[in-house]
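Please read it alongside the sequence and the coordinates.

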There are 2 protein chains.
Amino acid sequence: MTDPAPTAPQPVLPALDSHLGYWLRFVSNQVSHAFSLKLERRGVTVAEWVLLRELFEQEAAVPSALADRLGMTRGAISKLADRLAAKGLATRTTDKDDRRFQSLALTPQGRALVPELAALADANDAEFFGHLSAGERTQVEAVMKAIVRRLGLRAVPVD
Amino acid sequence: MTDPAPTAPQPVLPALDSHLGYWLRFVSNQVSHAFSLKLERRGVTVAEWVLLRELFEQEAAVPSALADRLGMTRGAISKLADRLAAKGLATRTTDKDDRRFQSLALTPQGRALVPELAALADANDAEFFGHLSAGERTQVEAVMKAIVRRLGLRAVPVD
DNA sequence: TGGATATGATTTCCTAGTCAACTATTGTCC
DNA sequence: GGACAATAGTTGACTAGGAAATCATATCCA
């Protein structure tokens, strides 16, 4: 660990880009950012899109279950629901039987919007990954799924 | 586009997890989150780590150049520098010749800390990707690098 | 019945960014 | 030489989220 060269005072670090995580984050950030720009033109954020999509498939959903599923806090869901409601895309209704519970549901506008946003998501994915060969695609996807499985990860990635 | 089945009112969306970007973000988020937990124990955030690392290699750096390189605004760098200074990890000095310019540099504590954090980064990467075969690693890395190159992306991924 | 407890949602405070306005300094060019 | 443009950094208003306290409702059980 001696350092005889007077012109090289600091030890060398392992290169940042030697980490696979670095490249993943790099690409992933760019993909997300590009997508957020597309969504922005429709007045929607990525988090909002994720929630809208959940509601589209569930018809009506309980906020705390959504929080679990999306890996967000209940507080965050609460505010997100506020925003969606303000935009006229979703509504809250409190459960008749147990008034602690709410259910969130899409408005007709919200329901109409989701497929359009889904098309943007498809386009975005194609933009970044469409040129990959089928082999590359499945290989990368298999590796990612294996990691998820191995570590027992859950939760839809939001941000 | 008619929908004859009364029990299936909504059209089906392309599955979210059919997107490669979905899996990338999923894994990438988990990697980042795990890393942020490790850093937290040393009282450092991910953004701070990235900046510290840059300073470690550059000896002294101009804030606005860093902002460019890290894909952050000058305002963010300014506040980040505040925090690093408050923690005694970096210092600001204004350029003698052009007093608009500053240069940021690590303090001895900052310099001492970086290799420790780098070890955490190594450990984190190994935790998620260490079990991959050399072939898988290089394959995934090659695909990511190709995407970066193809789209002419720059900027170190921070968040 | 009614008080402790549990649970869902909201609210408040905090952090860490962006954006845009602002300050300070330097350079330009008449 | 002096007004004005350009550039670096800072600041303030705003946004989105997390953590923890709080509010509302329901359940349990003595």
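## Basis of the description

A residue is near a molecule or strand if one of its heavy atoms lies within 4 Å of it. The model is a predicted one, in which local features need pLDDT of at least 70 and side-chain atom pairs count only at pLDDT 80 or more, while totals for chains, interfaces and linings use all residues. Residues are numbered from 1 along each chain as its sequence is written, chains are lettered from A and ligands numbered from 1 in the order in which they are written, and side-chain values use heavy atoms, with hydrogens and water left out.

## The surface near DNA strand D

DNA strand D is surrounded by 22 residues, the closest being Lys79(A), Arg83(A), Asp98(A), Pro63(B) and Ser78(B). Of the atoms of DNA strand D that come within 4 Å of the protein, 68% belong to sugar and phosphate. By class, this surface has 10 charged residues (Asp, Glu, Lys and Arg), 6 nonpolar ones (Ala, Val, Leu, Ile, Met, Phe, Trp, Tyr, Cys and Pro) and 6 polar ones (the others, Gly among them).

The largest share, 4 residues, comes from α4(B).

## Aromatic pairs

Over all chains there are 10 aromatic pairs, meaning rings of Phe, Tyr and Trp (its six-membered ring) with centres within 6.5 Å. The rings of Phe35(A) and Trp49(A) have centres 6.1 Å apart and planes at 85°, so this pair is edge-to-face (planes over 60 degrees apart). Because Phe35(A) lies in helix α1 (residues 20-40) and Trp49(A) in helix α2 (residues 46-58) of chain A, the pair ties together parts that are 14 residues apart in sequence. Both Phe35(A) and Trp49(A) are buried (under 20% relative accessible area, with a 1.4 Å probe and protein chains only).

In chain B, the rings of Phe35(B) and Trp49(B) are likewise edge-to-face, with centres 6.1 Å apart and planes at 85°. Phe35(B) counts as buried at 9% relative accessibility, and Trp49(B) counts as buried at 4%.

Technical notes. Helices (H or I, at least four residues) and strands (E, at least two) are DSSP runs, numbered from the N terminus. Rings of Phe, Tyr and Trp (its six-membered ring) pair if their centres lie within 6.5 Å; planes under 30 degrees apart count as stacked, over 60 as edge-to-face and the rest as tilted. Buried means under 20% relative accessible area, exposed over 50%, partly exposed in between (1.4 Å probe, protein chains only).
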